Amino acid sequence: MSNTGDAFASFLIGRANQASLQNLDTIPSHASYWAAYIQDDYRITSRLTINAGLRWEVEEPRFVDGNHMNAFDPAAINPVSGTPGVTFAGRNGVSSTAFDPNYRNFGPRFGFAYSAPFAKNLVIRGGAGIFYGPMVSTSVGPAAPLGFSDNLTLVASNADTASAWTLRNGFPVYTRPSIDTPGFGAVPFGAKPNTAVTYFDRNRPTPVWYQYNLDVQDEVAKNVVLEVGYIANISHHFPAPDLPIDQVPTALLGTNSNSQLLRPFPQFSNVSQINPTIGNST
């Protein structure tokens with residue numbers, strides 16, 4: 001089909017150099033959180049009180065209706081590219097959840113208050129505890145939906161003489177690739193990739209932080225209290241933005257004109273972990 005050669009004229013007759021169709025399935029996702037907590041206060045002496053507690057909590061892994069969620073196994077070889085590939089929830093022995101739960105999240109809590117005998121108005125307080133955070137910051141969004149959407153892109157071979165799409169004709173019939181296709185989304189080694197993969201790390205640890213504090217108060221004069229305190233927080237495994245893991249290793253940069261072949265997973269345009277738990281703070 002020829003084009004008009006003029007962008008505005010082509011627009012008036014409903015011809016486009018490029019068109020795309022994107023339609024994501026409705027994917028209801030679910031996640032739950034459970035916790036239990038016990039605590040008590042013990043007055044050991046008239047000067048010393050102890051607070052002790054224990055909290056247990058677990059975030060049940062994300063799952064979606066109909067198992068409409070992809071995964072990725074870096075060690076499972078697909079038959080198309082001979083390299084690791086896409087897997088799908090609830091199929092071929094793959095779990096229906098996004099990641100494995102952790103039922104060992106026990107967080108002890110401890111505190112004390114002590115009235116020092118060597119100073120009339122001196123009080124020493126302290127405490128410590130272990131706390132856990134959510135596993136995924138986007139736990140209920142349409143994450144990892146590869147294979148459950150329609151994606152069609154039409155591009156004219158020559159924008160001056162041809163058009164990719166005519167409005168009055170609508171989009172051509174589109175057949176979604178089956179997720180049962182061996183090596184879904186992968187291309188043979190050396191071919192141009194056409195699929196990007198995002199997935200949850202199945203063995204992701206639970207975010208945890210350790211808090212502790214010590215505080216000393218003394219009434220140095222009538223209605224005047226001097227207070228000195230120290231508080232600390234050490235955190236590990238916090239969710240971070242999606243992490244691309246299909247980058248060319250630094251040592252191989254510039255060694256090949258086709259850098260795609262040097263990627264860890266050259267059969268895909270990109271591979272990313274969703275909210276990897278790599279954040280730390282002190």
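The largest nonpolar core of this predicted model has 25 residues, and those with the most contacts inside it are Met 69, Phe 72, Val 197, Phe 200, Phe 268 and Val 271. A nonpolar core here is a set of buried Ala, Val, Leu, Ile, Met, Phe, Trp, Tyr and Cys residues joined through side-chain atoms within 4.5 Å. Strand S6 (84-88) and strand S11 (196-199) each supply at least two residues of this core. In general, nonpolar side chains in soluble globular proteins tend to be buried together.

A word on conventions. Because this is a predicted model, local features need pLDDT of at least 70 and side-chain atom pairs count only at pLDDT 80 or more, while totals for chains, interfaces and linings use all residues. Residues are numbered from 1 along each chain as its sequence is written, and side-chain values use heavy atoms, with hydrogens and water left out.

Let me stay with Met 69. Leaving aside residues up to four places away in sequence, Met 69 touches, among others, Phe 88, Ala 143, Phe 148 and Phe 200, where contact means heavy atoms within 4.5 Å.

I turn to the whole chain. It has 1 helix and 16 strands; these are DSSP runs numbered from the N terminus, helices being H or I of at least four residues and strands E of at least two. The radius of gyration is 29 Å, whereas a compact globule of 282 residues would have one near 19 Å; the value is taken over C-alpha atoms, and the globule rule is 2.2 Å times the number of residues to the power 0.38. The C-alpha trace spans about 95 × 45 × 45 Å along its principal axes. Of the 282 residues, 34% count as buried, with buried meaning under 20% relative accessible area, exposed over 50%, and partly exposed in between (1.4 Å probe, protein chains only).

Next, the surface. Which residues form a nonpolar patch there? They are Phe 8, Phe 11, Leu 12 and Ile 13, with about 480 Å² of accessible area together. Leu 12 lies in helix H1, residues 7-12, and counts as exposed because its relative accessibility is 58%.

Finally, Ser 115, which is placed in strand S7, residues 106-115. Is Ser 115 buried or partly exposed? With a relative accessible area of 23%, Ser 115 is partly exposed. Beyond residues up to four places away in sequence, Ser 115 touches Arg 47 and Leu 122. The C-alpha atoms of Ser 115 and Ile 234 are separated by 29 Å, the two residues being 119 apart along the chain.

Key. Patch = residues over 30% accessible without salt bridge, like charges linked within 9 Å, V, L, I, M, F, W, Y side chains within 5 Å. Areas by Shrake-Rupley, 256 points an atom, 1.4 Å probe, with all protein chains shown as cover. Salt bridge = Lys/Arg side-chain N within 4 Å of Asp/Glu carboxyl O.
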